[in-house]
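Please look over the sequence and the 3D structure below.

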Amino acid sequence: MAKKGEIDWRPLEKRLEAIRARKHQAIVRFHDTYVGKPSGGPEYIRKLPDYHETTAKSEGKETVFPDWSHPELARFVLEFYSKVTEKYDRDPRIAYLETGFGLWAEYHLYDGPMKLGGTFPSKEFQETFLRRLSGAFTSTPWMISIDAAAEESTPFASTRTLIDLTFGVFDDSFLCKQHAKENEPNWAFFGRERWRRAPAGGEFSYYTKGDQKDALAPKGPHGVPFETAARDFHLSFIIASDQPEHQTLDRIRAAGMTCGYRFQVTEFRSGGGRSLLTLTNTGIAPIYHDAWIAVAGRRSATSLKGLCPGETRKCAVAGEGSAVTIESDRLVPGQRIEFDADLSGK
């Protein structure tokens, strides 16, 4: 962003189009601080005479930290996310948006100069930001890191009403050795039942080489299989970009299929211009976007959104026939939602 008020969406559009071409959706995250790189602040702000960034070592690399004491940076961030929601809130190419501050937008500066209102936004601005996002996103679920539970650097402990906002959570070091001791308390802080209303996701840990190498091994990197952990935390997704170096595509596909929802049609009656279907979610999490069972292209008025694991939902359709599909306006061309069913003789 070279000038105030101008945003170049082309880099994001290029990525979204590449993902859409693969018949997938993106998990998007914007960051203000990245190890070994300049800050994510726009160029016009970095050139202001009273804007002073901090350059310091993080993970052994010279890293530039933004100046959160400057009011224009705070104003810009709120404006930027307003424009993101205006442009992308209903975009089927985006499944979830992860957001936050600090290193990789993961709500921490565990290695680097941590100063609230300096290299990291003040608690007051964080609260303003969170409340603004909660009202802005109406269709796309947004998520923050479980590290936002840190009392010393975030407002959640002192302002518990923030917990009630609409965000989901993600864990950027899933399956690490210290997960039970360090990560799980943060999950509990935000509520272990939060997945019932907002998505849970994560990324395999990078603490050790073995964390990636054995992430999908039968017993995981530290004795807990991925499928077990995914079920315990009701994951809708896991970021696993290194896994093709360690596992076959079949194993990666199988692991991915254990995440999220899985629909099964347990009852199907059709005739007289109407159909009645009963669906059960046999997966480990709900679907967080609207989706409808359809017969011969006619949708039920009942959405499957929010159907939790083990729950059933009856859907009436003003149409009959055996052409049963699940439709959603959040699918990209060529993508479909599959389901389990035995419709023979029904």
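What follows covers a helix, a residue in a strand, and the cysteines.

This is a predicted model. Helix H3 takes up residues 71–88, a run of 18 residues. From its first C-alpha to its last, helix H3 reaches 26 Å, close to the 26 Å expected at 1.5 Å a residue. Buried positions occur along helix H3, among them Glu 72, Leu 73, Phe 76, Phe 80, Val 84 and Tyr 88.

Strand E2 spans residues 54–58 and contains Thr 55. The relative accessible area of Thr 55 is 51%, and exposed means over 50%, so Thr 55 counts as exposed. Leaving aside residues up to four places away in sequence, Thr 55 touches Glu 62, Thr 63 and Val 64. Pro 113 lies 58 residues from Thr 55 in sequence, while their C-alpha atoms are 9.1 Å apart in space.

The last topic is the cysteines. How many disulfides does the structure hold? The number is 0. For Cys 259, the closest cysteine sulfur is that of Cys 308, 16 Å away; a disulfide needs the two sulfur atoms within 2.5 Å, so this pair is too far apart for a bond. Cys 315 is in no disulfide either, with its nearest cysteine sulfur, again that of Cys 308, at 15 Å. Buried means under 20% relative accessible area, so Cys 259, at 9%, counts as buried. Cys 315 is also buried, with a relative accessible area of 0%.

Technical notes
Residues numbered from 1 in each chain as written. Predicted model: local features only at pLDDT ≥ 70, side-chain atom pairs only at ≥ 80, totals over all residues. Heavy atoms only, no water. Helix = DSSP H or I, 4+ residues; strand = E, 2+ residues; numbered from the N terminus. Expected span 1.5 Å × (residues − 1). Buried < 20%, exposed > 50% of the residue type's maximum accessible area, 1.4 Å probe, protein only. Contact = heavy atoms within 4.5 Å.
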